[in-house]
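Hi there,

Here is the model I promised to pass on. Have a look at it first, and my notes follow below.

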Amino acid sequence: MLTFNTLVGVCFLYVIMLFLVAFVADKRARRSKVRFLSSPMIYTLSLSVYCTAWTFYGAVGYAARSGLEFVTIYLGPTLVMIGWWWFLRKLVRVGRSQRVTSIADLVSSRYGKSNLLGVLVTLIAVIGTTPYIALQLQSVTLSFAVFARDRSAGWVIPDLEQTAIWVAGGLALFTILFGTRNLDVNERHHGVVTAIAVEAVVKLVALMAVGIFVVWGIGGGSQGISAAIQQAIQAAPEGAWSLQGGRWVGLTFLSAAAFLTLPRMFQVLVVENVDERQLATASWAFPLYLFLMSLFVIPIAVVGLAILPKGENPDLFVLTLPLYFERDGLAMLAFLGGFSSATSMVIVASIALATMVSNHIIMPLWLSTRLGVDASEYRDARQILLSARRLSIVGILALGYFYYRISGGGAALAAIGLISFAGVAQVLPAMAGGLFWRGASRSGAVAGLITGFVIWAYTLFLPSFGEAGVMSASMLADGPWGIAALRPQALFGVDGLDPVVHALFWSLILNCSVFVSVSLLSFPSPLERLQAAQFVNVLDQSGPARGRSFNAATSEDLLVMAQEIMGSDQAQAWFQAQAEQQGKQGYLPDTTPDFIGRLERELSGLVGTATAHAMIGQILGGTTVSVDDLLAVADETQQMLEQTSQLEAKQLELTTTARQLSEVNEKLTQLSIQKDAFLSQISHELRTPMTSIRAFSEILRDGGANDPEAAARHASIIHDESVRLTRLLDDLLDLSVLENGQVQLYPRREVMREVLDRAIAATSSVIDQEKMHIHRNRSDEGVALYTDTDRLAQVFINLISNAAKYCDAKDKRLAIRVRQRGGRLQVDFVDNGSGVPLESQSMIFEKFSRLSDQAAAGGAGLGLAICREIMDKLDGSITYLPGQSGAAFRVTLPIGTQSPFGRTWPSDINHL
Amino acid sequence: MKRQVLVIEDEPNIAEAISFILSRDGWSVSTHASGTTAVQAVRDAKPDVLILDVMLPGKSGYDILQDLRSADDTRALPVLMLTARGQKTDRDLAERLGVNRFMTKPFSNSEILTNLRELVGG
């Protein structure tokens, strides 16, 4: 005989057993003996948190009411698992590589670590899951009530609400103990997962035991069941058991979406995943589990409908059938199966939700109150985080309890489950878009989530409270303010749809549309784009995520990588030295944290800290490059760019220097060419008189000219050419001295008139010879000079003799005019010849620029070049004056007694 | 009949020296001092051989040589070039243009005679 105390006692023992399982598993996990934990079977069984009390009890009820439709709830996850390669693999890879802790974290991380999205998804998850938790509490309470009702005679009727509180409290305790024992970076809970795997087995065994009992114990085998099914179909209300295509597709899609987006499913699928390869096994093993779970649903339902009294709650057939036939042991097992279903769901869901609530709501709030606090103050952050988790767990279970109290626990189990499903399914567009579409943006995700959530609340969640609830009967029937298009269950005039399908259709359609269009219209931030690339291309970037196993293979991988970076010899030597330090032979040291740290530092010197960290992380953890790592890499890249720009600046400097050098070189080359031209010119100027001298001297030597007159003439030519040669040499030396600035000047006081007199006297022979008349205005010439008047006279002599020689007028005249202009003295020499042609005017002051057709006049062509040098030294100038009647030269000088050489020259040194 | 030689040389003393040496050797010598009108002077004088200076007023000896070599009546005229710029590049240029003899100043009198005799085949 089952007494209430027995029931509670068995429950208690069962829970103790779960505690022990969790405890042992946790302990082994901490000793890194994770071999059995990484078994794909444990992973597959842990996925059974999908099968909650709703599945355990509710599926039978569902089948009793709507026939085969309950299969859709299993069909969705089956499709997802079979198609794991396409979606789940990517989801798990991203979860692993990004160290994602929850579905909220995944969405937030994908969209540039947006905390707004984290909060949003957390809120949706909490709101969507609370009814579900209430559902579990309700089912456990109901199952207690079943025993109580049947055995009321010997039992103290337990207070149902009291029971719910005890159950909730016990679950909170278990969850806190095993869900928040330690803060694992990966948020894995080996103990909990193992306990849930055990519960999964209990669920399956219990349901199958009841099923076998029903079919072969009381139903008369498969034939009896077939008959019972026919009977049930006929007895069912018109159309209730017929297949509705739209609802089937809708519900299958909904359960598939929920399978991916339910926080507890994300927790076991992605966060608790130890090795990606587990997915391959689960892809067939989990559908098999679901198949076995659903195998006896219809038989139990039809037999229950046929045998049990009318009005019996079909949701509890699993329990009431054994009890009806007084199979206490079987009933006990069924009770434990339902208990397992409920508890495993609540535990995992509350862990997942607590992680989300504490990470995305409580911790940001706490951190914002600590702004500006010294970093050392964060030591208690760990404790705060653990407390936040525990608080969240209690809060979530309390929320579930209060929902249960408020909703009254009346609604059919399946209906509540579907509402939850539709709520969390709103995360699907943002999640799937984030994994497969790089263009998905934060703004799009936020807008889509809000839109979908609001539509879901309006069309499904709020109406679910019934006509006495949030929405009035008239609002449900006629829409708000009588607007028919806004009727919650017939939005935009779409009438006649099933409420769940209707809500799902509108919420997801609008969610997706808003998500896509806002994404297209908004521009993602750099971090978002970086994350988008990380998520969408996760399969290209990394190998399968594997468990962190510190073994020789990892060490070898590290060596391979180090060889790539350090070079083979150096890497091998370094690894050997490290192994030796650990007392090991060979090249493969143990991958201790100490060794990893040193390797990282070693590599940092070569590839930069961030890159080294990322590379080692990739090999060690199976975790790929995180965003922070990438950002650090970007920083290093930035530094490199800066160095590059510095190098560029240096290069620019060098280029400038090179250009300057090349300019100087060009100048030198030019000078060299000028020098060559000058030498060639001098050669010519020297050889020409030399030619005459040699030719005539040979004639004289050979006695060729017997005529004494001719001989005399030849001798005089030799003489003239020798003089010309000497003058050329004198001019060259003079010019050389002047040009090199080595000339010594002898300034003295003299009047201009006297200087001109001397110059004319020196040129009198050529003036006479050329019969040139000189015109002067002597009264203007009484200007006092203080300069090297010998040099000045040399300039004047040159100009006068040039005029005499080159003036081509018949009646040669030269006018010399002296005047003062602008503080300077001008002396103009203007003849009446045809002057210097325009094209030659700029050249006449250059060396050897003698105008060729006047070469006969003698002179080496250095005269004006010498004049220019002299006037330069005297602080004056000499220029050609164009536009005069003939050739015209202007000499300018500083006026007065002031020394052009500054005051350092005493005025009485004219004796020097 | 005396061999005709035309001397184109702007330095009067050099022209006089060459005239004296060649006349004494039995040549009929005429001189011309301008580069500009040199080619016409060659046409007018129709010499058996031409002595050509390089540095001439108006037109260089190279240009004159080029003109002579491109005209039918003067293409074959033997030319002896004289220059005070004795660099190799000058000689190369002259030879490319088709000079027969190239001498640098100052020259020896016998050398210029030998060259001229060779040029007119006597």
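What percentage of the 122 residues in chain B do buried residues make up? The share is 41%, where buried stands for 20 or more other C-beta atoms within 10 Å of a residue's own, exposed for 12 or fewer, and partly exposed for anything in between, with C-beta atoms placed from the backbone.

Some housekeeping before the rest. This is a predicted model, in which local features need pLDDT of at least 70, side-chain atom pairs count only at pLDDT 80 or more, and totals for chains, interfaces and linings use all residues. Residues are numbered from 1 along each chain as its sequence is written, while chains are lettered from A and ligands numbered from 1 in the order in which they are written.

On confidence, the predictor gives the complex an ipTM of 0.93 and a pTM of 0.54. Chain B has an average pLDDT (the predictor's confidence in each residue, from 0 to 100) of 89, and 98% of its residues score at least 70.

Chain B

This chain contains five helices and five strands; both kinds of element are DSSP runs numbered from the N terminus, helices being H or I with at least four residues and strands E with at least two. Read from the N terminus, the order is β-α-β-α-β-α-β-α-β-α. Of the contacts with a separation of 6 or more, 57% link residues 24 or more positions apart, a contact being two C-beta atoms, placed from the backbone, within 7 Å.

Five of its five residues are buried, so the rest of the structure largely encloses β3(B). On one side sit Val49(B), Ile51(B) and Asp53(B), on the other Leu50(B) and Leu52(B), and all are buried.

Leu52(B) in β3(B) is the bridge partner of Ile8(B). Four bridges also join β3(B) to β4 (residues 79-83) of chain B, again running parallel, and here Leu50(B) is partnered by Val79(B). Between β3(B) and β4(B) the chain passes through helix α3 (residues 61-70) of chain B, in a right-handed β-α-β crossover (with the strands pointing away from the viewer, the path from the first strand over the helix to the second runs clockwise).

Backbone points to check

Most residues other than glycine have a negative phi, and most peptide bonds are trans. Here are some exceptions:

- Lys46(B) has a positive phi of about 45°; Lys46(B) lies in the loop between α2 (38-45) and β3 (49-53) of chain B and is exposed, with 11 other C-beta atoms within 10 Å.
- Lys771(A) has a positive phi of about 55°; Lys771(A) lies in the loop between α32 (764-770) and β2 (773-776) of chain A and counts as exposed, with 10 C-beta neighbours inside 10 Å.
- The peptide bond from Lys105(B) to Pro106(B) is cis, with omega near -10°; Pro106(B) belongs to the loop between β5 (101-104) and α5 (109-119) of chain B.

A helix in chain A

Helix α4 (residues 71-82) of chain A is mostly covered, with nine of its twelve residues buried. Among them are Val71(A), Ile73(A), Tyr74(A) and Met81(A). The buried residues of α4(A) pack against α3 (53-66), α5 (88-97), α11 (245-261) and α13 (278-295) of chain A.

Best wishes

Methods: Two strands pair if DSSP finds at least two bridges between them.
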